[in-house]
Amino acid sequence: MKGRTLLMIPGPIEFEPEVLQALGAPTTSHVAPAFVDAFGRALERMRDVWQCPSGQPFVVAGSGTLAMELAGANLVEPGDRALVVSTGVFGDRFEDLLGRHGAAVTVLRAPVGEIVAASAMEEELVRGGYKLVTVTHVDTSTGVRMDVTKLGELGRKYGTLTVVDGVCSVAGEEIRQEEWKLDIVLTASQKAIGVPPGLALLMASPRALEAFHARRRPVGSYYADWSKWLPVMKAYENRTPSYFGTPAVNLVAALDVSLGQILAEGMPARFARHALLAKAFQAGMDAVRLTQVPAKPPYRAHTLTACYAPEGIGIPAFLEDVKNAGAIVAGGLHPAIKDRTFRVGHMGAVRGADVLATVGAIEAGLRRAGHRFDAGAGVAAAQRVLLS
Ligand SMILES: *Cc1c(COP(=O)(O)O)cnc(C)c1O
């Protein structure tokens, strides 16, 4: 038996062979013409994936948290007011992060599994004086997706910059950054972008760059300072090398390949595929009588699913049983529900067959744990959606 186990966690995910080939190719100089070309093309492709023709892309070595830091460090000055909309652990992380940069932070925190209503955000923004608002598009600790289609409009109305943590959504959930007037949409390589961990990716609107250029004080972080990275991004896009910190050469080459694949699929098709696979997987979980963390179906993300395990089931043993049945899924992350939940990523290079295999592996784990359900009910429900 081949040692194949599907990696179905909310990042890192399964990667395409061509992406891994680029990653494993001999490392070139960061000024080699072929690399300069790949970097420049990756930056151009980001604009198409983010659907933000006027945006300024940034690619910096680091994880998704660095992408959050790039936003916070460059847009916040000590004493600025920030509104953090939190639907889980990653919203809370932004509270902590912006505070480190001297922001006076107000948090609108949803109960676990709930969203923050647009009206609640507006009630707070109308008070005025907010330099920026952050929203986690999909919070990976709860599987809750926020509607960000009107967020940009709200930000423009109240003179507040809008920052979307899209680490678990960009290239999986629909985002039209320019049309939706979002100032920052950030992510990391290892989630729906489909490249091994190590790149922080961010797209800044012209309005965000204006706010940055209008700063009175220098950026408190040396490595995250946009004034160091802007000339580098502009140079590579003009197909000339430049240096501030050594770029992650192989990861950038792999990013170029993955973005090319994403655009070849086409954004509408990609979003529709994620929506269908999520609907199938979530129908499977409903059919085996599991409760999902998002309180209502419209709150459920398309990139991952968070479920409560049946009462009395130990998560570590359950995860081990699911793995032995063929799929690696993740445990809980949110402190309030960590010991009672598990999470499944279904983003990037995922196909219907992977979803069926994963639902089947979860059924095997549930059966071993003594949960009562009709064997095959989850797989059948998922398949019905896939074939509908
Ligand atoms: C994964 C994730 C992060 C953090 O990314 P790292 O690469 O782990 O630093 C931030 N926000 C969201 C929504 C995430 O899913």
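In the predicted model, Tyr308 has Thr341 as its bridge partner in strand β14. This pair belongs to the antiparallel pairing of β11 with β14 (residues 341–345), which extends over five bridges. The two strands are part of an open sheet of three strands, arranged in the order β11-β14-β13 with antiparallel pairing. Strands β11 (304–308) and β13 (330–331) form the edges of this sheet, each of them pairing on one side only.

Strand β10 (residues 199–204) is mostly covered, with six of its six residues buried. In a regular strand, side chains alternate between the two faces of the sheet. In β10, Leu199, Leu201 and Met203 point one way, whereas Ala200, Leu202 and Ala204 point the other way, and all are buried. Strand β2 (residues 56–61) is joined to β10 by six bridges, and the two run antiparallel. Within β10, Leu199 is the residue that stands opposite Ala61. Strand β9 (residues 184–188) is also antiparallel to β10, and five bridges join the two. Here Val185 has Met203 of β10 as its bridge partner.

Helix α5 (residues 118–125) has Met121, Glu124 and Leu125 as its buried residues. Viewed down the axis of α5, these buried residues fall within an arc of 95°, and they therefore line one face of the helix. The elements that cover them include the strands β3 (81–86), β4 (104–109) and β5 (130–136), together with helix α6 (151–158). Among the buried residues of α5 is a glutamate, Glu124. Its relative accessibility is 13%, and Glu124 counts as buried because the cut-off for that class is under 20%. The side chain of Glu124 makes a polar contact of 2.7 Å with the side chain of Tyr130. When neighbours within four places in sequence are left aside, Glu124 is in contact with Leu83, Thr106, Leu108 and Tyr130.

Aromatic side chains were examined next. Nine aromatic pairs are present in the structure. In one of them, the ring centres of Phe35 and Tyr236 are 5.9 Å apart and the ring planes meet at 75°, so the pair is edge-to-face. Because Phe35 lies in helix α2 (residues 33–50) and Tyr236 in helix α8 (residues 226–237), this pair ties together parts that are 201 residues apart in sequence. Both partners are buried: Phe35 has a relative accessibility of 3%, and Tyr236 has a relative accessible area of 0%.

The rings of Phe212 and Trp226 also form an edge-to-face pair, since their centres are 5.3 Å apart and their planes lie at 65°. This pair links distant parts of the chain, with Phe212 in helix α7 (residues 206–213) and Trp226 in helix α8, 14 residues apart. Phe212 is buried at a relative accessible area of 7%, and Trp226 is likewise buried, at 0%. A further group of aromatic residues, Tyr222, Tyr223, Trp229 and Phe244, forms one cluster.

Lys191 lies over the face of Phe90, 5.5 Å from the ring centre. The ring of Phe373 has the charged end of Arg367 over it, at 4.9 Å from the centre.

The surroundings of Ser258 complete this account. Ser258 is located in helix α9 (residues 249–265) and is buried, with a relative accessible area of 4%. Apart from residues up to four places away in sequence, Ser258 touches Val19, Ile193, Gly194 and Val195. A polar atom of the Ser258 side chain lies 2.6 Å from the backbone oxygen of Ile193. Between Ser258 and Leu386, which are 128 residues apart along the chain, the C-alpha atoms are separated by 25 Å.

Notes
Residues numbered from 1 in each chain as written. Predicted model: local features only at pLDDT ≥ 70, side-chain atom pairs only at ≥ 80, totals over all residues. Heavy atoms only, no water. Buried < 20%, exposed > 50% of the residue type's maximum accessible area, 1.4 Å probe, protein only. Helix = DSSP H or I, 4+ residues; strand = E, 2+ residues; numbered from the N terminus. Pairing = 2+ DSSP bridges. Phe/Tyr/Trp six-rings, centres within 6.5 Å; stacked < 30°, edge-to-face > 60°. Lys NZ or Arg CZ within 6 Å of the ring centre and 35° of its normal. Arc of directions from axis to C-beta. Contact = heavy atoms within 4.5 Å. Polar contact = N/O pair within 3.5 Å; in protein donor to acceptor, adjacent residues only side chain to side chain.
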